[in-house]
Amino acid sequence: MARTHTMESATTMESNKRYVVLALLFIKVYFASCSVSHYSIPEEMKEGSVIANLANDLNLDVRTLNERKMRVDIIANKKYLDVNKETGELYIVEKIDREHLCITKLSCYLKLEVILENPVRIFNMEVEIVDINDNAPEFRRDVIHLDVSEATAKGERFSLSNAVDPDVGTNSVKTYYLSESEYFNIQVQTGRDGSKFADLILTKTLDREQQAVHNLILTAVDGGTPARSGTASVIVRVLDTNDNAPRFEKNSTKVTISENSPIGSLVMHLKATDLDEGSNSDITYTYSLYTQEKTQETFNLNPTTGEITVKGMLNYEDFKIYDMEVIATDKGTNSLSGQCTIKILVEDMNDNHPEVSIKSFQSPVNENIELGTVIAVVSVSDKDSGDNGIVDLSIPKNMPFKLRESSDNYYELVVSEPLDREKVTEYDITFTVTDRGSPPLSDNETMTLELLDVNDNVPQFPQSFYTIRVMENNAPGALLSSLTAFDPDLHENQYLVYFIIEKEIANTSMSMLFSINPENGNLYALKTFDYEIEKEFLFHIEARDSGSPPLSSNVTVHIIIVDQNDNAPVIVSPWRAHGSVVEEKIPRSTDKGSLVAKVIALDTDSVHNSRITYQFLQVTDATLFSLDQYNGEIRTMRMFSYRDPRHQRLVVVAKDNGQPALSATVTIKLSTVETAVKAYSDMTEMPLEYDIFSDLNLYLVIGLGSVSFLLLITILVTIVLKCQKPKPSKTAAPCRNSVISERNSTIADSTLVSNDAYWYSLFLAETRKGKLVVRQPMPKGSRYIVSSIPRGTGLTDTSDSAASTLQVRGSCALFD
């Protein structure tokens, strides 16, 4: 047990030794860390400035500073200081502003810890930031306003706003200065906290009327070296007291006014002034007790503006002079007043107006009233005497009337120029009478003269000639136009009736073709027009008023029927006896470019609706034949070969130029024959014969003969009828076997007449055996006649004289 106790004692002693060592080490570190160094530096030192050498001050080996990781911790929001581990110097990292670092403190310290490791050592240090005079005094307000009454006693004090300087000590505000003033001074006071402030002292009584505002400069100066200062403007506004009475420009005045001045007329404008301001200068004007009631009843005094105006009628004969006394009183607490006397002289004037009286006035009158007729009788008068009683009467200028004096103070109004109600319906005639006073007085009376309408204007159409275009095939009853006339007269003289002036055309009255609404002039068509029959109409429409006697005028109406494409082309060549198929024969040896056939179509429409073009609709061989689209000539494009079919079928369509276009077709069956046929030039006339008669039967010959006989009879009858008409001019020979139309190409009695601008070379052949004649074109301007020639005229050299021949002729005479 003893041994055990000994072991426990040894263990306890060992533990105690450890505690003692730790305690000593702690105490050593504690005292090392609690050693405090103090430095003092001015604020605003430059960056990099050295404060102290910590290695020397702390007895540290400079060579070990890096190894021991020497650093500086600053108890602040910025790292103002740092240590150079190479030299051990403490230097400024960022410029220090004492006023920013210690806002409210008089003394300013920057605490820091210098820490080293291996072994750990901590040094507490403090750096005092010493203030320098880097701030000028500054007032909280740049302008200080003070209101001081001009009644304030001398010696009165007024507190001013003090200046603030963020510097401390002697660098803070030391004293105040005031700019030079004969009315104010300052006294500098020291507060409990040592701050300086100034009181403004009134040294002389103020007078607002002399100087209403005082501008002072207060300067605060600190005790630094060099001293800094700040300024503030002190504006002292002098408050008014009612110490000035109102004053008039003149204590007494005299004014002249004309009698009978209208009520409200301004007599004079009183003006009193008060040097005070505000309510102390607001003035009220009143009559004094010495002003008579008659004066106060006659003249009105405006209490605010001081205007004196006429309140009652002024009459020189009643009162010539008015005396009044006016008092001006301000509205101050202790009101003050001033007064003036006024003498109003009434001046005698021309106060009686002349009078005009209408004794007789005739209205209304007819607009065609005769010149010199008396319209009115007027009298004038004036109660005044002398020049004031002499009067002149006048009417407005530029009127068709004049005044004529009939007797003393009586005048007649007569018509001097012709009247026209359509120009001026009524006249407002003002009779003005004026005396010769100074100033002259006048009076007037206005009368209205009305003019009665007379039927003196004929109806007028806007145009003298109307051209109306009507499309053919119109609907009966269609409105063509509205022909409205105007009559400047009134009532029944203005009411117009329209009608068509009767005129017959081809035994047809215009009223059968057209109708006009008698009330409004609407023109209607009563029938459907056909351009091919009727081209135009020319007639007159009359507009007649209902006056007494009535007047009328007429207008010419030209109705032009406009063509529509309502007629299809009619193919007149080649001749088709039955149906629309034409059979022709042509020698197989025909040369290239030879004329095979010519298609001629006519269209009874006009202009572009009648312009016809031709084209193949069907063709057996397109390389064999060509068709001229303008003259319808079909020619060979090459010679026939043994390979070409014996029969060729050509379908030609003739189409006009209308919208929409209309057309007609013809089918030509060509058969080539081996019989030799002489070639004929297009520019020479040579007979050509070929025989196809042997292939027809006897019945066909009999039928064809009958038709030819009837056709011949018809031609003869037509010629006889034509010969009974008046003898034509000598320049044109009578036609023996033809009918000629003076318009575009037509067919009549087997004769074709053409006036077209281009030249035709016709190749016409009958379906029977006959002659084929090609004639040369005639000179420009001649008419082309296609006429049937009786058989057996000797134009053929064949034995068969029964064949009929179609010829193209260049004049009206037939070639036998």
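Colleague: Is Asp147 buried, exposed or partly exposed?

Modeller: Asp147 is partly exposed, at 46% relative accessibility. Here buried means under 20% relative accessible area, exposed means over 50%, and partly exposed is in between, with a 1.4 Å probe and protein chains only. Keep in mind that this is a predicted model, where local features need pLDDT of at least 70, side-chain atom pairs count only at pLDDT 80 or more, and totals for chains, interfaces and linings use all residues. Residues are numbered from 1 along each chain as its sequence is written, and side-chain values use heavy atoms, with hydrogens and water left out.

Colleague: OK, and which residue does Asp147 form a salt bridge with?

Modeller: Arg237, with the closest N and O atoms 3.4 Å apart. A salt bridge means a side-chain nitrogen of Lys or Arg within 4 Å of a carboxyl oxygen of Asp or Glu. Arg237 is partly exposed too, with a relative accessible area of 39%.

Colleague: Where do Arg237 and Asp147 lie?

Modeller: Arg237 is in strand S16 (residues 229-239) and Asp147 is in strand S9 (residues 143-149), so the pair ties together parts that are 90 residues apart in sequence. The strand names come from DSSP runs numbered from the N terminus: strands are E runs of at least two residues, and helices are H or I runs of at least four.

Colleague: How many salt bridges are there by this rule?

Modeller: The count comes to 24. One of them joins Glu209 to Arg208, with the closest N and O atoms 3.1 Å apart. Arg208 is buried at 9% relative accessible area, while Glu209 is partly exposed at 23%.

Colleague: What about Glu150, where is that?

Modeller: Glu150 lies in the loop between S9 and strand S10 (157-159). Glu150 is buried yet has no salt bridge. The nearest side chain of opposite charge is Arg208, 4.8 Å away. For charges, Lys and Arg count as positive and Asp and Glu as negative, with His and the chain ends not counted.

Colleague: Then which backbone nitrogen lies 2.8 Å from a polar atom of the Glu150 side chain?

Modeller: The one of Thr241. A polar contact is a pair of N or O atoms within 3.5 Å; within protein, one must be able to donate a hydrogen and the other to accept it, and residues adjacent in sequence count only if both atoms are side-chain atoms. Glu150 also touches other residues, among them Thr205, Leu206, Val238 and Leu239. Touching means contact, with heavy atoms within 4.5 Å, and residues up to four places away in sequence aren't counted.

Colleague: Tell me about Thr205, then.

Modeller: Thr205 is found in the loop between strand S14 (196-202) and strand S15 (213-222). Thr205 is partly exposed, with a relative accessible area of 48%. Not counting residues up to four places away in sequence, Thr205 touches Glu150, Thr152 and Tyr183. From Thr205 to Tyr183 the C-alpha distance is 7.2 Å, and they are 22 residues apart in sequence.

Colleague: Switching to sheets: what order do the strands have in the open sheet of four?

Modeller: S34-S42-S41-S36, with mixed pairing. Two strands pair if DSSP finds at least two bridges between them. Strand S34 (465-471) and strand S36 (496-500) stand at the edges with a single partner strand each, so one side of each is left without a neighbour in the sheet.

Colleague: And how do S36 and S41 run?

Modeller: Antiparallel, joined by five bridges, with S41 covering residues 536-545. Tyr498 stands opposite Ala543 in S41.

Colleague: Last one: what joins S24 to S25?

Modeller: A hairpin, through six residues. S24 and strand S25 (residues 337-347) pair antiparallel over nine bridges, and Ile327 stands opposite Gln339 in S25. S24 (residues 321-330) is also joined by five bridges to strand S21 (residues 283-287), again antiparallel. In that pairing, Tyr285 has Ala328 of S24 as its bridge partner.
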